[in-house]
Amino acid sequence: MEASHLLHSGYFNPTLRSWHGSNTLLNINQLIYPVFVTDLVPDESSEEIPNFPEQRRYGVDALVDHLLPLVNKGLKTILVFGVTTSSNKASNGEYASSKDSPVRRCLPILRSKFPSLTIAVDLCLCGYTSHGHCGILKTDGTIDNPASIQRLAEVALSFVQDGAHIIAPSDMMDGRIDAIKKILILNNLASSVAVLSYSSKFASCFYGPFRDAAQSAPSAGNRRAYQLPAASTGLAIRAAERDVIEGADMLMVKPGGPFLDIIKEVKQRFPHHPLAVYQVSGEYAMLWHAARANAFELRAAVIESLIGMRRAGADILITYFTPQLLDWLKEE
Ligand SMILES: NCC[C@H](CC(=O)O)[C@@H](CN)CCC(=O)O
Ligand SMILES: [Zn+2]
């Protein structure tokens, strides 16, 4: 046999094997843990979410209790989603910036309780609009883009004033990064808060459990006019480029597993921007239920899935498995 046919010599023991994947290592500092804060339950309570196994909606105080042991285990970053009662929802999503909203109430408390925790806040209107779309609508039911990005910028400012370290706009409106950066500059806050844009976010079937959690499914129509077509690489790249030009500090591809090629392409084109990848609720539920059905061992499947995203180019991993990974990665 020729030496050129010999590969086993390069990976016959664990140390040699570890040298073949150093750029895909997982560590807890890369993890962002999505959490739901709500006024649907009393502050000290929490509730299960149908179709979203082991995930809960937390009252403000219950969220603090839930996070404390995780922060003690090394949790570094959370991504906060607000869930409010339908009576607070209106066509322009006014309640999103209300000081009584669960997100605005929890931010100063989280900052005070967990000084080491980096707090990202999802920015969108769908959790606060009566129609459930991510932006404000014109009378004909289409997106009013200028009104939407102005509203989003105002909401972003309120979150920053309450203590958010990172604003993560998931709305997919055109020009919202520029609008957010401009209002932060105007208020002399731009240098102390990052904008993590959901830049390449696709219209995906994998958001179902989240929409149950956030009670944010559109009451009519769908989000295909502003979330990217799953088949389009070009729009994914152009959306990332648009957000880089507008000043995004970090980029994102979402969902993760079904879009590894997009992750690779975005990272290759924009190597100097940290790239987050969101392992979304449907990916989470798929792995969870398959493991429950004994298709595979959950820990192995989750780690292999996330290593795939890292191999494709992810620097940051947004995953609902974060609490388990805080233990699993210690044992690796
Ligand atoms: N702002 C839209 C929410 C959005 C997807 C959707 O419901 O269209 C995601 C949250 N940023 C869903 C995330 C998930 O499914 O885990
Ligand atoms: Zn939305």
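# Close-up views of a predicted model

View 1. At 1% relative accessibility, Leu117 counts as buried, because buried means under 20%. The structure shown here is a predicted model. Leu117 sits in a loop, between helix α3 (102-113) and strand β5. Its contacts, leaving aside residues up to four places away in sequence, are Leu67, Val71, Leu75, Lys76, Thr77, Ile78 and His165. Take Ile78 from that list. Leu117 and Ile78 are 39 residues apart along the chain. Their C-alpha atoms are separated by 7.6 Å.

**View 2. Gly221, an exposed loop residue.** Gly221 also belongs to a loop, the one between α6 (208-214) and α7. Is Gly221 buried or exposed? Its relative accessibility is 66%, so Gly221 counts as exposed. The cut-off for exposed is over 50%. Now look for His133, which is 88 residues from Gly221 along the chain. The C-alpha atoms of the two residues are separated by 8.8 Å.

View 3. Strand β6 covers residues 166-169. Ile166 and Ala168 point one way. Ile167 and Pro169 point the other way. All four of these residues are buried. Strand β5 (residues 118-123) runs parallel to β6, joined by 4 bridges. One bridge pairs Leu123 with Pro169 of β6. Between these strands, the chain crosses through helix α4 (residues 145-161). This β-α-β crossover is right-handed. Strand β7 (residues 194-195) is parallel to β6 too, with 2 bridges joining them. Here Ile167 has Val195 of β7 as its bridge partner.

**View 4. Helix α5, between β6 and β7.** Together with β6 and β7, helix α5 (residues 176-186) makes a right-handed β-α-β unit. Which residues of α5 are buried? They are Arg176, Ile177, Ala179, Ile180, Lys181, Ile183 and Leu184. The elements covering these buried residues include β5, α4, β6, β7 and α7. Just after the helix comes Asn188, with a positive phi of about 55°.

**View 5. Helices α7 and α8, packed at an angle.** Two packed helices are described by the angle between their axes and the distance between the axes. In this view, the helices are α7 (residues 233-245) and α8 (residues 260-269). Their axes come within 10 Å and cross at roughly 40°. That angle makes α7 oblique to α8. The crossing is right-handed. Which residues meet where these helices touch? From α7 come Thr233, Ala236, Ile237 and Ala240. From α8 come Asp261, Ile262, Glu265, Val266 and Arg269.

**View 6. Strand β11, covered on both faces.** Strand β11 runs over residues 316-319. Ile316 and Ile318 lie on one side, Leu317 and Thr319 on the other. All of them are buried. Strand β1 (residues 31-38) pairs with β11 in the parallel sense, over 2 bridges. Strand β10 (residues 275-279) is parallel to β11 as well, and 4 bridges join the two. Find Leu317 in the view. Leu31 has Leu317 as its bridge partner in β11. Val277 also stands opposite Leu317.

Key:
Residues numbered from 1 in each chain as written. Chains lettered and ligands numbered in written order. Predicted model: local features only at pLDDT ≥ 70, side-chain atom pairs only at ≥ 80, totals over all residues. Heavy atoms only, no water. Buried < 20%, exposed > 50% of the residue type's maximum accessible area, 1.4 Å probe, protein only. Pairing = 2+ DSSP bridges. Right-handed = clockwise from strand over helix to strand, strands pointing away. Axes fitted to C-alpha atoms, helices over the stretch in contact; angles between N-to-C directions. Parallel < 35°, antiparallel > 145°, perpendicular 65-115°, else oblique. Left-handed = near helix turned anticlockwise from the far one by under 90°. Contact = heavy atoms within 4.5 Å.
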